[in-house]
Amino acid sequence: MTQQQSQKPVGPPVTAATPSTGSVERNGIIPVPDAERHGTPRSLFWPWAASGLSLLSIAYGVYLMGLGLSPWQTIVTGALGYVLSFLLVGLVSVAGARTGAPTMAIGRAAFGTQGNKLPTVFSYVSNVGWETVLVALSSLGGSVILARVAPGTFARADGETPTTAAQALCFVVTAVSVVVVGIFGHALIMKVQKYLTAAITALTVVYMVLMADRIDPSALGNGPSGSLGTCIGGVVFAMTLLGLGWVNCGADYSRYLPATSSGRAVTWWTTLGGVLPPLALLVFGVLLNAGDPKLAEAAAADPVGALAAELPTWFLVPYLLAAIGGFASGAIMDIYSSGMSMLALGIPVRRHLAVLVDGALMAFGGWYVLFVSPSFFATFQAFLSVIGVAMAAWAAVFLVEQWRRRHTGFELTSVRALGWPAMLSLAVATAVGLGLVTSGDPHIARAVGFLLTDGAARGTLGAMNLGVVVALAVAAALYACTASLAGRPTSGGTR
């Protein structure tokens with residue numbers, strides 16, 4: 001008898017009680033009770049769609065073309081990278097529906113109660129890093145818009161450069177909104193993200209119409225084509241830009257679904273929601289880059305401010321709301337999941353208080369990005385490459401363990417203290433992966449690429465950043481070969 005069969009209720013069916021959006025979620029990393037599980041996999045489309053409706057996704061098209069790809073190659077490699085990486089998120093989400101537990105708590109089945117703390121630290125850093133980037137970008141771009149709307153209040157003497165007060169105001173508004181929604185938890189997030197998806201989509205469509213004269217579809221066939229190695233590098237970079245930044249969060253949003261939910265439907269709706277909006281924005285970014293390279297170059301450094309340069313005054317306020325809402329929608333999911341990661345580390349704090357701690361770290365990180373870091377893009381790219389390798393290796397171990405338990409399900413009440421096969425696979429794959437990636441940040445560059453010669457690091461092999469894909473493959477193969485050697489787990493709780 002499988003785990004799922006043994007859990008079938010006896011007697012009258014239990015009616016699921018839909019959690020209130022106006023109350024603070026009380027479920028931490030303990031599996032959600034059957035009575036509170038509700039909805040259908042279709043509901044997963046909205047939070048993941050909202051997470052990708054950021055104007056940063058337009059800049060992604062510029063970033064990918066910057067690798068040396070032609071417009072068509074950028075669209076194809078971007079689509080492949082997006083789909084492949086978010087398919088991993090969808091597969092991880094299936095475990096949430098089956099167990100009712102958040103992602104990093106489920107990871108204990110493979111890594112053990114103590115061993116799971118290492119990948120959970122990676123997950124926590126990834127979530128806090130992403131929410132910091134998103135809120136900082138909201139502040140940078142939003143302040144530019146405020147300076148145009150009210151130059152006498154929010155612009156410096158030149159009438160264009162935003163003041164520190166403008167940046168601080170945008171940062172506070174976004175950060176507070178993100179923290180408040182994160183504190184209330186899953187029910188409010190699912191509702192807010194649904195409305196944000198509709199509102200931001202409408203405003204983004206209006207923006208695209210207003211900017212239509214700046215794009216040139218006929219330019220898609222222009223420009224030199226990149227080599228096969230550059231195309232592979234584009235796919236890998238697209239994977240780190242999107243799905244690999246969310247793979248450690250997948251089960252957090254599917255765990256309230258009934259355990260009998262279709263795994264295929266969970267995977268499909270998660271992938272569709274995560275890929276469709278950012279892919280549409282990436283195509284627009286490519287068209288913009290092909291039609292107006294100077295504007296696209298400015299957008300790479302400041303996605304919100306540069307993309308608003310030619311907008312009519314009447315649309316600036318709606319545009320500002322779309323920009324802040326897009327960044328906030330992604331940060332909301334990050335701060336919720338980072339709170340779950342903190343709980344999975346074993347830190348004795350309630351879920352809503354964990355969100356407050358994450359908010360404080362986000363504020364500190366935002367201050368660094370806004371006022372200390374000399375180059376946002378170099379720091380951002382370095383962060384993506386390092387975290388992308390670790391998360392790819394972790395995802396491989398998680399999914400192999402999910403496949404091994406496909407008939408019995410995850411048993412979260414009997415977990416060993418240390419799953420050495422998983423730990424070994426994660427450590428080896430991460431080390432190999434970091435040795436095969438390069439970084440534009442001189443400080444990070446010293447710690448990566450150690451398996452590449454100087455010539456290879458500067459050439460096509462270095463541009464490919466194959467370390468992410470290699471880490472995924474090495475971890476999967478190594479764990480599949482060693483998982484059965486660990487023996488049976490001993491009894492023990494998951495808390």
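Analyst: Happy to. One term to start with: helices here are DSSP runs of H or I with at least four residues, numbered from the N terminus. Keep in mind that this is a predicted model.

User: Good. Where is the place of A390, then?

Analyst: A390 sits in helix α18, which covers residues 376–404.

User: Is A390 buried or exposed?

Analyst: Buried: the relative accessible area of A390 is 4%, and the cut-off for buried is under 20%.

User: Which residues does A390 touch?

Analyst: Leaving aside residues up to four places away in sequence, A390 touches F122, L426 and T430. There is also L244, which is 146 residues from A390 along the chain, with 9.5 Å between the two C-alpha atoms.

User: Nice. Switching to α2, at what angle do α2 and α10 pack?

Analyst: Helix α2 (residues 45–52) and helix α10 (residues 186–210) pack at about 55 degrees, and their axes are 8 Å apart. That angle makes α2 oblique to α10. As for handedness, the α2 and α10 crossing is left-handed.

User: And which residues of α2 and α10 make the contact?

Analyst: From α2 you have W46, P47, A49, A50 and S51, and from α10 there are M190, Q193, K194 and T197. By type, the residues of this contact are 5 nonpolar, 3 polar and 1 charged.

User: How many residues of α2 are buried?

Analyst: 7 of the 8, so α2 is largely enclosed by the rest of the structure. The buried ones are F45, P47, W48, A49, A50, S51 and G52.

User: What do the buried residues of α2 pack against?

Analyst: Quite a list: α3 (56–65), α4 (71–99), α10, α12 (250–254), α13 (263–291) and α16 (316–344).

User: You mentioned α3. How many of its residues are buried?

Analyst: In α3, 10 of the 10 residues are buried. Among them are L56, I58, Y60, V62 and M65.

User: Last topic, cysteines. How many disulfides does a search of the whole structure find?

Analyst: The search finds 0 disulfides.

User: And C231, buried or exposed?

Analyst: C231 counts as buried because its relative accessibility is 16%, with buried meaning under 20%.

User: What about C481, buried or exposed?

Analyst: C481 counts as exposed, since its relative accessibility is 60% and the cut-off for exposed is over 50%.

Key
Residues are numbered from 1 along each chain as its sequence is written. This is a predicted model: local features need pLDDT of at least 70, side-chain atom pairs count only at pLDDT 80 or more; totals for chains, interfaces and linings use all residues. Side-chain values use heavy atoms; hydrogens and water are left out. Axes are lines fitted to C-alpha atoms, for helices over the stretch in contact, and angles run from 0 to 180 degrees between N-to-C directions. Helices (H or I, at least four residues) and strands (E, at least two) are DSSP runs, numbered from the N terminus. Angles under 35 degrees count as roughly parallel, over 145 as roughly antiparallel, 65 to 115 as roughly perpendicular and the rest as oblique. A crossing is left-handed if the near helix is turned anticlockwise from the far one by less than a right angle, and right-handed if clockwise. Contact means heavy atoms within 4.5 Å. Ala, Val, Leu, Ile, Met, Phe, Trp, Tyr, Cys and Pro count as nonpolar, Asp, Glu, Lys and Arg as charged, and the others, Gly among them, as polar. Buried means under 20% relative accessible area, exposed over 50%, partly exposed in between (1.4 Å probe, protein chains only). A disulfide is a pair of cysteine sulfur atoms within 2.5 Å.
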